[in-house]
Amino acid sequence: MPNRRISRADQARQQGGRAPRASRAQQFMPFAALRGYYELIRERERIVQPKHELTEEEALALSGKLSRVQRRTMVRITYYDGDAYATSCGMVSDIDVASRTITVVRTRIRFDDILDIRNGEGIED
């Protein structure tokens with residue numbers, strides 16, 4: 001008899017038992033017939049908004065808040081992402097003054113697109 005490797009499922013079948021639970025569960029794995037459909041629907045639900053131009057006072061206040069933000073702090077940033085405003089919450093992973101961007105977790109945000117910054121605990125500055 002050739003030396004062949006036998007899996008646990010094959011061993012269970014040879015012994016007259018049922019296949020292990022993990023092997024049986026594979027037949028019930030979810031099937032996504034409409035891959036990408038739900039993401040497309042979410043994009044269609046977005047309402048296009050014009051970008052709000054900051055006044056001098058708002059820009060000065062935002063600049064002060066931005067200068068106090070440090071890496072590894074929790075923030076909530078409201079920013080313009082091309083056609084609508086979005087909010088990103090999380091830890092600041094990078095601040096690049098040369099390219100004028102801030103990165104919250106994995107979202108890179110340009111300084112010019114920021115509408116508001118708050119610290120992660122919800123306390124207003």
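Start by selecting Asp116 and Lys65: both residues are buried. Keep in mind that what you have on screen is a predicted model. Show the side chains of Asp116 and Lys65 and you'll find them joined in a salt bridge, 3.1 Å from N to O. Asp116 sits in strand β5 and Lys65 in helix α4, so this pair ties together parts of the chain that are 51 residues apart in sequence.

Now zoom out for a moment. The chain has 4 helices and 5 strands, and if you trace it along the sequence the order is α-α-α-α-β-β-β-β-β. It is 125 residues long, and 22% of them count as buried.

Next, back to salt bridges. How many does the structure hold? There are 5. Pick Lys51 and Asp113, whose side chains meet at 2.9 Å, N to O. This one links distant parts of the chain: Lys51 is in the loop between α3 and α4, while Asp113 is in the loop between β4 (107–110) and β5, 62 residues away. Is Asp113 buried or exposed? Asp113 counts as buried because its relative accessibility is 14%. Lys51, at 31%, counts as partly exposed.

Arg110 is partly exposed, with a relative accessible area of 44%. Through shared partners, Lys51, Arg110 and Asp113 end up in one network.

Time to go inside. The largest nonpolar core has 14 residues, and the ones to select are Ile77, Ile102, Ile109, Ile114 and Ile117, which touch the most other members. Colour by element and you'll see that α4 (56–68), β1 (74–80), β2 (85–96), β3 (101–104) and β5 (114–119) each give two or more residues to this core. The largest share, 3 residues, comes from β1.

Click on Ile117 and ask for what surrounds it. Leaving out neighbours within four places in sequence, Ile117 is in contact with Leu62, Lys65, Leu66, Val69, Arg76 and Ile77.

Now look for rings. How many aromatic pairs does a search of the whole structure find? It finds 2. Select Tyr37 and Tyr38: their ring centres are 5.3 Å apart and their planes stand at 75 degrees, so the pair is edge-to-face. Then move to Tyr80 and Tyr85, another edge-to-face pair, with 5.1 Å from centre to centre and 65 degrees between the planes. Tyr80 is buried at 12% relative accessibility, whereas Tyr85 is partly exposed at 24%.

Leu34 lies in the loop between α2 (21–25) and α3 (37–45), and it is exposed, with a relative accessible area of 52%. Tyr38 is exposed too, at 55%, while Tyr37 counts as partly exposed at 38%.

Notes:
Residues are numbered from 1 along each chain as its sequence is written. This is a predicted model: local features need pLDDT of at least 70, side-chain atom pairs count only at pLDDT 80 or more; totals for chains, interfaces and linings use all residues. Side-chain values use heavy atoms; hydrogens and water are left out. Buried means under 20% relative accessible area, exposed over 50%, partly exposed in between (1.4 Å probe, protein chains only). Rings of Phe, Tyr and Trp (its six-membered ring) pair if their centres lie within 6.5 Å; planes under 30 degrees apart count as stacked, over 60 as edge-to-face and the rest as tilted. A nonpolar core is a set of buried Ala, Val, Leu, Ile, Met, Phe, Trp, Tyr and Cys residues joined through side-chain atoms within 4.5 Å. Contact means heavy atoms within 4.5 Å. A salt bridge is a side-chain nitrogen of Lys or Arg within 4 Å of a carboxyl oxygen of Asp or Glu.
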